Amino acid sequence: MAALLRGVRAGRALRGLCSVVSAPPAANPQCSSLTRGFHCAALRLQDESKSDKPPSSSSTTHHEHYQAHSAEQDTAAASQDASTSDPVAEEASRPNTSYQDQSGEQGEEYETEEQLQVRILNAALEFVPLHGWSMEAIAAGAETLDLSSASTGMFYNGAGDLVLHFVSHCNSQLTEILAEQHKQVQLGQAEQKSTADFLRDAVETRLRMHIPYIESWPQAMSILLLPHNIPNSLKHLSSLVDDIWFYAGDRSTDMNWYTKRAALTGIYNTTELVMVQDSSPDFQDTWNFLDNRIQDVVNMAGTAKQVQSTGEAVVQGLMGAAFTLKNLTGLNQKR
């Protein structure tokens with residue numbers, strides 16, 4: 001305030017002096033010297049008033065800009081800390097990349113045609129005891145999934161697709177069981193079985209999966225023997241036998257690899273035929289037959305004579321299986 005008053009007084013003095021300076025000089029020498037004295041005093045007052053002025057506007061503007069910038073940085077840091085500490089706020093700040101249809105409902109994962117077929121066939125197995133291995137069972141399974149019976153048009157092989165699906169599913173189940181047993185042995189949680197016991201248990205476990213459908217299983221076997229189903233049927237059978245021998249510990253790379261698998265294939269097929277005709281409690285006659293055949297495979301030597309006899313036994317077993325199957329399905333009856 002004092003500086004402001006001094007500035008006002010200096011301004012008034014300057015205006016008075018300027019009027020005196022601008023006036024024409026008098027002829028009197030004393031007036032001329034007085035004028036110079038007032039002029040010097042006015043200059044000193046002007047210098048004093050400049051020193052009392054506040055800072056320039058440019059420096060003030062720079063100071064205000066610095067303060068505003070610091071305030072913005074503090075605000076941004078505070079908001080970042082708040083979002084980090086609050087998971088809900090952080091989740092809300094993320095962009096929504098999920099798909100929604102026009103009604104606002106969340107989109108579901110797309111189901112392929114193969115996945116839909118698997119669901120229908122799994123549902124159809126429940127109706128096999130009632131409708132057999134047929135398109136009627138597949139249609140009934142589709143209806144339980146709220147699908148039209150027209151969806152059976154996806155199964156070009158008809159009942160063959162249902163039988164092959166069941167065989168593949170059972171093989172996968174057995175592989176999982178054998179893999180789990182092998183893991184327990186490796187961890188020391190179970191004892192290692194002998195080769196004979198392992199083969200017997202594996203084949204019995206696989207054949208027991210047919211029990212819920214044993215009444216209609218001869219029909220399934222005849223479907224598997226149809227010419228267009230034979231390639232897939234043999235593929236599933238060879239995969240089954242190979243997995244059993246693998247988990248049994250067989251790592252042979254010579255001729256024994258083929259003879260062991262051929263022998264086990266014949267044993268599986270013949271035991272399966274015995275099972276569909278067995279009426280003993282819990283199929284005990286079938287398992288006794290299996291014990292005898294497994295012991296023959298384990299005792300099999302690697303000589304050429306035994307290989308030849310084993311091959312002949314396999315062929316005879318397969319031929320007998322086909323003949324028995326014809327009798328069971330009525331294809332060998334005279335008309």
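Guide: Before we start: contact means heavy atoms within 4.5 Å.

Visitor: Noted. What kind of model is this?

Guide: The model is predicted: local features need pLDDT of at least 70, side-chain atom pairs count only at pLDDT 80 or more, and totals for chains, interfaces and linings use all residues. Residues are numbered from 1 along each chain as its sequence is written, and side-chain values use heavy atoms, with hydrogens and water left out.

Visitor: How many helices and strands does the protein chain have?

Guide: The protein chain has 14 helices and zero strands. Helices (H or I, at least four residues) and strands (E, at least two) are DSSP runs, numbered from the N terminus.

Visitor: And how much is buried?

Guide: Buried residues make up 30% of the 335 residues. Buried means under 20% relative accessible area, exposed over 50%, partly exposed in between (1.4 Å probe, protein chains only).

Visitor: Which share of contacts joins residues at least 24 apart?

Guide: It is 68%, among contacts between residues at least 6 apart in sequence.

Visitor: On to α13. Which of its residues are buried?

Guide: They are T286, W287, L290, I294 and V297. Seen down the axis of α13, these buried residues fall within an arc of 90 degrees, so they line one face of the helix. The arc is that of the directions from the helix axis to the C-beta atoms.

Visitor: What do the buried residues of α13 pack against?

Guide: They pack against α9 (195–208), α11 (230–247) and α12.

Visitor: How far does α13 reach?

Guide: Helix α13 covers residues 284–298, 15 residues in total, and reaches 21 Å from its first C-alpha to its last. That is close to the 21 Å expected at 1.5 Å a residue. The expected span of a helix is 1.5 Å times one less than its number of residues.

Visitor: Now α9. Which residues are buried there?

Guide: A196, F198, L199, R200, A202, V203, E204, R206 and L207. Their cover includes α8, α11, α12 and α13.

Visitor: R200 stands out to me. What does R200 touch?

Guide: R200 touches W287, L290, D291 and I294, not counting residues up to four places away in sequence. Of these, W287, L290 and I294 are among the buried residues of α13. R200 itself has 18% relative accessibility and counts as buried.

Visitor: Next, α8. How long is it?

Guide: Helix α8 has 28 residues and reaches 41 Å from its first C-alpha to its last, close to the 40 Å expected. Its buried residues include L162, H165, F166, C170 and N171. What covers the buried residues of α8 includes α5, α6 (128–131), α7, α9, α10 and α11.

Visitor: Which residue is 9.8 Å from L162, C-alpha to C-alpha?

Guide: Q117, which sits 45 residues from L162 along the chain. Q117 is found in helix α5 (residues 113–124). Leaving aside neighbours within four places in sequence, Q117 is in contact with M154 and F155.

Visitor: Switching to backbone. What is the phi of D146, and of F283?

Guide: D146 has a positive phi of about 60 degrees although it is not a glycine. F283, not a glycine either, has a positive phi of about 55 degrees.

Visitor: Last one. At what angle do α10 and α12 cross?

Guide: The axes of α10 (residues 217–224) and α12 (residues 255–277) come within 10 Å and cross at roughly 145 degrees. W217, P218 and M221 of α10 make the contact with E272, L273 and V276 of α12. Axes are lines fitted to C-alpha atoms, for helices over the stretch in contact, and angles run from 0 to 180 degrees between N-to-C directions.
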